[in-house]
Amino acid sequence: MAKILLNKENLFYNFDVISNKTGSKEKVAVVLKDNAYGHGLIEIGTLASEYGIKKAVVRTIDDALKIEKLFDYILILAEKTFHTYSHTFHIALNSLEDINKLPKNSNVHIKVDTGMHRNGILPEQIEEAFLGLSKREINVTGVFTHHKGADELSTNFFWQKAVFSSVKENVKRICEQLSLPIPAFHSCNSAALFRTSNFDESFARVGIATYGYLDNADIFKFPKLKPVMSLWANKLSSRILKKGQSTGYGGKYIAEENIVISTYDIGYGDGFLRLNERKSYTTPKGYKVLGRVSMDNLCLNTDDEKVCIFDDVNALAQVHDTITYEITTTLNPNIEKEIV
């Protein structure tokens, strides 16, 4: 079977860069949603805890339960049914309607829509949210927002920062009036963190940078990070492909001379998506994917027993005209993972 190798040294290097930017490990919340961006929820969660990260962000309460013992503070972003409670868990409130669905005495982070227009209450609804939550004896432990274009060269980043600054001042006023403690404030994702000169929020929610990637890094002169994941495949069989013969579905690759080819145990069923045969992909060692990727295997011009399919997904993302996140999260979660 194919295998994902997770480079512990590279992960800890990235955490060093991130925590230096936030000012401390305590101000880093590692984002582990969607199986830690395909890297493995338990594997990355365990390593993050070993490094000293105390906060995590997940998508569902079921994921939170899997890592509950690893972290002191877990933010759950998108949950509609709450079948358990833990003082470790902090639930994101994405709309006023959800106030009545929250468990009594639960910890809640109010999400504010500062311009992305996806989830969150409007800035002018913040007082209504506080009053509604207070009536239900629910603890407001955080207020946050999400940037829609921190990795793009536009004014959106600065505009949303200004809106959220106004929200924070309003929250402080409301808390003073209601004799409530000031909640945690957080807005920075990976790109926003590295675009912020003097980070002064409670913590940053760091996703893709944890795993070694930052889009448009050259434009913003972001620090160099190190990819954590590499994908490896094992040889299934080898053969001589004679000049003029083809391989794979549709026979899209035709040998121009006699060559050795082998099939390897990785395919689109494992999340390594079919390549448009008008484009080509070359592995880190220089082997070419020949023809179409099959469900369970692909062909390369080598007979190596094991092959690194990628150790940096930037090149593959360019082939697929997508982002690094999509490449890693698409991988089948059942692929074996090994920490090295």
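Is K3 buried, exposed or partly exposed? With a relative accessibility of 24%, K3 counts as partly exposed, where buried means under 20% relative accessible area, exposed means over 50%, and partly exposed lies in between (1.4 Å probe, protein chains only).

Before I continue, a word on the basis of these values. This is a predicted model, in which local features need pLDDT of at least 70 and side-chain atom pairs count only at pLDDT 80 or more, while totals for chains, interfaces and linings use all residues. Residues are numbered from 1 along each chain as its sequence is written, and side-chain values use heavy atoms, with hydrogens and water left out.

Side chains of opposite charge can pair when their charged atoms come close. The criterion for a salt bridge is a side-chain nitrogen of Lys or Arg within 4 Å of a carboxyl oxygen of Asp or Glu. The structure holds 12 such salt bridges.

Let me return to K3. Its side chain meets that of E336 in a salt bridge, at 3.7 Å from N to O. This pair links distant parts of the chain, since K3 belongs to strand 1 (residues 3–6) and E336 to strand 16 (residues 336–339), 333 residues apart. Helices (H or I, at least four residues) and strands (E, at least two) are DSSP runs, numbered from the N terminus. E336 is also partly exposed, its relative accessible area being 43%.

The second pair is local. K66 and D63 form a salt bridge of 3.9 Å, N to O. Both residues lie in helix 4 (residues 61–66), three residues apart, or about one turn of the helix.

E137 is partly exposed, at 43% relative accessibility. Through shared partners, salt bridges also join K3, E336 and E338 into one network.

S294 is buried, with a relative accessible area of 13%. Leaving aside residues up to four places away in sequence, S294 touches Y249, G267 and Y268, contact being defined as heavy atoms within 4.5 Å.
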